[in-house]
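Dear colleague,

I am handing over the structure that you will be working with, and I would ask you to keep it open while you read. My notes on what was found follow directly after it.

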Amino acid sequence: MKMHFCIPVSQQRPDGLGGRYVLYSVYLDGFLFCRVRYSQLHRWNEQLRRVFGNSLPPFPPKHYLAMTTSMADERRDQLEQYLQNVTVDPNMLRSDVFVDFLKLVQLDTFSITTKKVSLDIFLPDGRSIKVEALTSDTAERVLEVVSHKVGLCRELLGFFGLFLIQFCKEGKLSVMKKLVDFELPYVSLRSSEVENCRIGLRKWYLDPSLDSRLMDCRAAVDLIYMQAIQDIEEEWAKPTEEQKQKLEALRKEDNQTKFLELSREVRHYGYVQLDPCTCDYPEPGCGAVISVGNNEISCCVTLPDDQTRDVIFQMNRVKCWQVTFLGSLLDMDGPQQTLNQNLELRFQYGEDSHWQWFVIYTQQAFLLSSCLKKMISDKMVKLAAENPEMQIEVPEQGKSRKYHVQQSQKACSSFLPRKSKIKIVEVDCGFGTIKEEDL
């Protein structure tokens with residue numbers, strides 16, 4: 001699937017010859033990723049084209065005369081669409097010419113040189129692992145080093161990921177984003193405006209039944225056991241009183257296998273919970289706590305009379321969704337390095353042959369969108385395992401596996417033209433057949 005790239009703002013800068021050039025601020029998952037010139041992207045496109053030929057999406061043409069405001073806006077939209085479309089091909093994402101350029105522009109944007117550093121990677125139990133790395137090491141590389149240190153089987157890397165996590169008051173944590181393979185963890189951490197932000201290792205699948213794939217690896221079991229305990233302590237997973245007592249007894253016995261078996265019966269086990277936000281259902285302005293996992297969006301809605309209502313949206317009834325930025329950024333360098341204000345995710349939901357739009361206003365709209373895409377991907381992994389004769393390509397960390405499969409949801413995404421409300425990304429899950437290129 002396409003990534004959440006957007007270019008909501010650009011700045012004009014003077015060059016050394018008395019002229020001016022445009023610097024584009026590229027955001028990924030709502031965080032400033034890099035600032036680049038058109039000429040840099042043009043050269044990168046030429047390098048990619050020498051390797052991948054005509055499989056690349058169209059690149060916006062050069063203008064040899066001064067651009068009008070409308071022409072500049074059109075180019076910005078076209079560059080945005082190009083970045084979206086170029087990330088669809090998993091082979092391109094893993095190529096040196098793709099990764100090396102994005103590493104360079106990340107370092108240049110934040111004036112960071114390549115050097116040796118120590119990174120603290122936090123585990124779900126609060127301990128940290130110190131990793132010796134380079135500032136130019138990607139998240140994929142750092143994850144490999146961390147997994148080696150904890151003894152995680154290499155073939156299970158795709159079930160885990162590195163995340164930017166904010167540790168809030170009273171020990172509460174908030175997952176800000178998952179780092180994509182070509183992001184530089186050191187740069188992302190340094191450039192983040194989020195206070196008390198750390199890099200954490202967490203499992204990255206939202207179907208609790210996929211735990212079974214990891215049970216033969218001691219290190220993997222340790223990690224998901226730690227996370228299960230953390231999620232219960234954070235009240236993301238919500239056991240009954242009877243389940244709490246049984247889980248506590250199993251924890252005292254250090255019976256990880258039985259603990260995880262019982263945890264999978266706990267409400268919201270393996271879900272990602274967002275920070276408190278608002279929604280427009282059943283009426284505008286209602287408070288909500290959103291939990292995502294196991295092919296559903298679970299909303300605990302607080303009504304105007306302070307009564308609460310649990311509302312469940314099944315993923316197989318979601319036709320499409322989009323993230324929208326409901327504001328504008330100033331043409332300036334900073335300090336606005338995140339798109340964490342005035343974000344919404346709206347999705348179209350079908351029930352009894354009736355389609356309706358629902359809106360969630362949350363600073364974690366990009367994370368929510370990533371979770372929805374992940375649930376589709378998890379379903380593909382599960383279907384592929386159940387039907388080995390079918391084929392579909394399911395991207396993993398650093399590689400992809402191919403299966404043949406027919407499925408009832410189609411996933412694709414695109415950026416739409418920028419208006420007063422900027423639609424950052426739109427994903428269509430209309431009922432149809434998933435194609436290999438869609439993932």
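**Salt bridges**

Both Lys-374 and Asp-378 are buried, where buried means under 20% relative accessible area, exposed means over 50% and partly exposed lies in between, computed with a 1.4 Å probe on protein chains only. Please bear in mind that this is a predicted model, in which local features need pLDDT of at least 70 and side-chain atom pairs count only at pLDDT 80 or more, while totals for chains, interfaces and linings use all residues. Residues are numbered from 1 along each chain as its sequence is written, and side-chain values use heavy atoms, with hydrogens and water left out.

The side chains of Lys-374 and Asp-378 form a salt bridge with an N to O distance of 3.9 Å; the term stands for a side-chain nitrogen of Lys or Arg within 4 Å of a carboxyl oxygen of Asp or Glu. The two residues are 4 apart in helix 10, so about one helical turn separates Lys-374 from Asp-378. Helices (H or I, at least four residues) and strands (E, at least two) are DSSP runs, numbered from the N terminus. By the salt-bridge rule the count comes to 19.

Another of these salt bridges joins Lys-382 to Asp-207, at 3.5 Å from N to O. Lys-382 belongs to helix 10 (residues 365-386), whereas Asp-207 sits in the loop between strand 8 (197-203) and helix 7 (218-233), so the pair ties together parts that are 175 residues apart in sequence. Lys-382 is partly exposed, with a relative accessible area of 30%, but Asp-207 is buried at 7%.

Glu-233 and Arg-251 also form a salt bridge, with their closest N and O atoms 3.4 Å apart. Because Glu-233 lies in helix 7 and Arg-251 in helix 8 (residues 241-252), this pair links parts that are 18 residues apart in sequence. Glu-233 is exposed, at 53% relative accessibility, and Arg-251 is partly exposed, at 35%.

**Nonpolar cores**

The largest nonpolar core has 56 residues, and those with the most contacts inside it are Ile-121, Leu-152, Phe-160, Leu-162, Leu-201 and Leu-214. Such a core is a set of buried Ala, Val, Leu, Ile, Met, Phe, Trp, Tyr and Cys residues joined through side-chain atoms within 4.5 Å. Helix 7 gives the most to this core, with 9 residues. Apart from it lies another core, of 41 residues, which includes Val-292, Val-323, Ile-360 and Leu-367.

**Helix packing**

With kind regards
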